[in-house]
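Hi,

Here is the structure I promised to pass on. Have a look first, and my notes follow below.

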Protein chains: 2
Amino acid sequence: MAEEKLTSQKENFSEWYNQVVQRADLADYSPVRGCMVVKPYGWALWENIKADLDRRFKETGHVNAAFPMLIPMSFFEKEKDHVEGFSPELAVVTHGGGQELEEPLAVRPTSETIIGYMYAKWIKSWRDLPVKINQWGNVMRWEMRPRLFLRTAEFYWQEGHTAHATYEEAQEETLQMLNVYADFARSMAAMPVLKGVKSETEKFPGAVNTYSIEAMMGDTKALQAGTSHNLGQNFAKAFDIKYLSPNNSLEYCWTTSWGMSTRMIGGIIMTHGDDNGLVLPPRLAPYQIVIVPIFKNDAEKSVVMECVDKVMAQLKEFRVKLDDRTELTPGFKYHEWELRGVPLRLEIGPKDVEKNSVMAARRDIPGKPGKSFLSQDNLADQVRDLLETIQDGILAKAEKFRDENIHEANTYDELKEIVEHGWAEAWWCGDAACEAKIKADTKATTRCMNFEHQHGHGKCVCCGKDAEKKIYFSKAY
Amino acid sequence: MAEEKLTSQKENFSEWYNQVVQRADLADYSPVRGCMVVKPYGWALWENIKADLDRRFKETGHVNAAFPMLIPMSFFEKEKDHVEGFSPELAVVTHGGGQELEEPLAVRPTSETIIGYMYAKWIKSWRDLPVKINQWGNVMRWEMRPRLFLRTAEFYWQEGHTAHATYEEAQEETLQMLNVYADFARSMAAMPVLKGVKSETEKFPGAVNTYSIEAMMGDTKALQAGTSHNLGQNFAKAFDIKYLSPNNSLEYCWTTSWGMSTRMIGGIIMTHGDDNGLVLPPRLAPYQIVIVPIFKNDAEKSVVMECVDKVMAQLKEFRVKLDDRTELTPGFKYHEWELRGVPLRLEIGPKDVEKNSVMAARRDIPGKPGKSFLSQDNLADQVRDLLETIQDGILAKAEKFRDENIHEANTYDELKEIVEHGWAEAWWCGDAACEAKIKADTKATTRCMNFEHQHGHGKCVCCGKDAEKKIYFSKAY
């Protein structure tokens, strides 16, 4: 698996990505067009992502449930924009139990419609509100050019769906969940994302407003890493989700939805990875620590392994992998665990046993500068500190990289140049025609309007008209 | 929700079940034929089941992964029995991305085929073995007569798939996982299951041997609550799963699969429920304790709620629901939480505040006999004891009920009578024709051959021929 050298990021970032995903044993292609197999190492990473997000959802008052994965085709047609947006991507079940179905069923691409139907059935009175349900599951959107984690026909995600009595509450929920995503990305995945509103062109089909977190990948392209939608009363009207208000009037609910998916894994790979492979953030890594014992003969082995046992006993609070394979050299193992992104490697040989030490090698700092001797006394404290230093370090590095690669574009020429190797922030008149022209000329799309930058006004970077919106343009995954 | 009286179990067990599932807010029917919506309360129960099973799988050396939910139709045809067994139940995707597919894809009814394909790709050498992967997900088997949790077109489950170098290892794995299921059922769900081998007729399509755990429901019908299959080399040969042995010969692997599903929830309902509704085992209940404050006016309220806060602070290790709804009477709340099966109710009124006490009402013992005063001192210890007593109590009750309703059948007439209101254990020649006759005459099917009862021999209860197998017959879900 680890024999051949990886293509370097500079040489071909896209090829580097494909190699890392497969060689790090995160995922594999499947015989089903566009669908991936998430391998145990990749799924363990997703389980860590899930556990932390789920805790955040529950802390903000949400509960989990499960809705059918098949949705009657007619449901999509109830919301005009929704059907337009999703029809081209549907996988359709036409036969069941050996018979042709009266009405075809779509494999869910997202569940606003079926959940809307159920909410209409469940919600009667203002006392039933808010309803705040999340679902963990798989969805399917037909993809012509699949890429593991980034674009696959089937992917795994969570989708939150809430219903409220007022617009204000729905808006508060929408922004709360955007902040949950941003906090998660920053503190757990060490991804310094930017938050903002999407343009009309880029918003979710059926939403009033879509908010996103946008991350910069190692090639400076953008990745939309999570979205939160204020759906207004669009789905409430389409599915008749109504409640009786305290003064006995029948009102439509205000709904939201929000999702984060296995794309996040692609984002982590492309934010932190380097030419040696994956670099995983300690807070999410399936293994935070790999221990490689070093010995030349049975006598050394017994001394070293006894020491390894003592070290392991001190590290029970961490996710530790002991690589005790006998058929491989330590050097091969270093290479392999670097490729697989384990944040910290501990090497223990006969000299370490003698000196009561352990050699620690940080994944985020290659070679000698990342190595240090730790004492075997109070090892857990030292390791905890090191892992935190790594977590903080890769976040700081990613943030510096991002900030160095976002530039203000004052002219169209500047914009064109900047988006070749970074993100441009520029005034924009709000016209979809300008977005389309920029996309055609540069392949850059609008990412989001940073909340903090929406003051003052200027001239649209494309058409020169008065503009009150400032938006990021960049190439994106 | 809790207004009307439940149909009693005696009157109509099946109707009682349907009412409990819906009124206890566990699940609902969906607009998609045969598919259910698992509501938050039901899903929380499933999450507790999942968490405990997942821990057991990981402790026995398994890892999780995810395989595509769509499977090329041709894959099913590679294993003769498998295709025969599952073809009639498939939901088939014929269109994707607006186009008719060259090859239709089935929504997975189980994943032996797609996982077999991937294992053939991944497994090269004896060093790669064993492979022990589990998958949590949804599957679909078209159902003509759906019942919530028991038989739905889409259901949720886990499926373990392992590959080994020898038959013995595969057999050991098969039995290990059967035991994991049985231990889980007994210790967590308080379901005293019986373990054994299925008949050829009742085994999994494509298996060499299927082992099951069988539980007795409150109406004495059986529920197959988990299965573990030794697949021999059937799937290895169908999918070409081979490994290079230490002496360089190319050998087929030996594979197993095993699964437990949301059916288990139906099993819990029908094992412990009574005429007041659900009775949940404390170890799996979404809420182990519900606290109902009692007060008549604001003065009482402030005294009582202060006490409730103190009580809650003592009970942080438990899953506690505080029912502080003001628009409902305590009596209404008691009724509702009984219906929803919360193991322990704590009532706190002004007198309890005065006396430093709490009234505890056990769900498993209705009325006064189940009530006791607890001191507010050391409350956690008392509650922990009570919950354990409840867990043990409902297991003992279920075990007694089961044992009282299993009878030895020595003649065909006895068999016919016994299966009207229980399980019959009887000698059986092993002939499928006898199974078919018994099923036609009595609606009873063979459940499993209890490992511990397979000694000696007798005459087949149906045809009178020599018999060396003893098997359970009963009606089943």
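Let's start where the two chains meet: A:H95 has B:V92 as its bridge partner in β5(B). Keep in mind that this is a predicted model. The two β5 strands, residues 91–96 in chain A and in chain B, pair in the antiparallel sense over five bridges.

Zooming out from there, the contact takes 41 residues from chain A and 41 residues from chain B. On the chain A side, strand β5 gives the largest share, with six residues. Sorted by class, that side of chain A has 28 nonpolar, eight polar and five charged residues.

Now for chain A itself.

Five strands form an open sheet with mixed pairing, in the order β16-β15-β17-β18-β19. β16 (320–322) and β19 (371–375) are the edge strands, each pairing on one side only. On average, neighbouring strands are turned by 25 degrees against each other, direction ignored.

Within that sheet, β15 (289–293) and β17 (344–348) of chain A run parallel, joined by five bridges. A:P293 faces A:I348 across this pair. Helix α10 (330–339) of chain A packs on the sheet, where it touches β15 and β17, at about 170 degrees to β15(A). Helix α9 (298–314) of chain A lies across β15, β16, β17 and β18, and runs at about 165 degrees to β15(A).

Cheers

Terms used
Residues are numbered from 1 along each chain as its sequence is written. Chains are lettered from A and ligands numbered from 1 in the order in which they are written. This is a predicted model: local features need pLDDT of at least 70, side-chain atom pairs count only at pLDDT 80 or more; totals for chains, interfaces and linings use all residues. Two residues are in contact if their C-beta atoms, placed from the backbone, lie within 7 Å. Helices (H or I, at least four residues) and strands (E, at least two) are DSSP runs, numbered from the N terminus. Ala, Val, Leu, Ile, Met, Phe, Trp, Tyr, Cys and Pro count as nonpolar, Asp, Glu, Lys and Arg as charged, and the others, Gly among them, as polar. Two strands pair if DSSP finds at least two bridges between them. Axes are lines fitted to C-alpha atoms, for helices over the stretch in contact, and angles run from 0 to 180 degrees between N-to-C directions.
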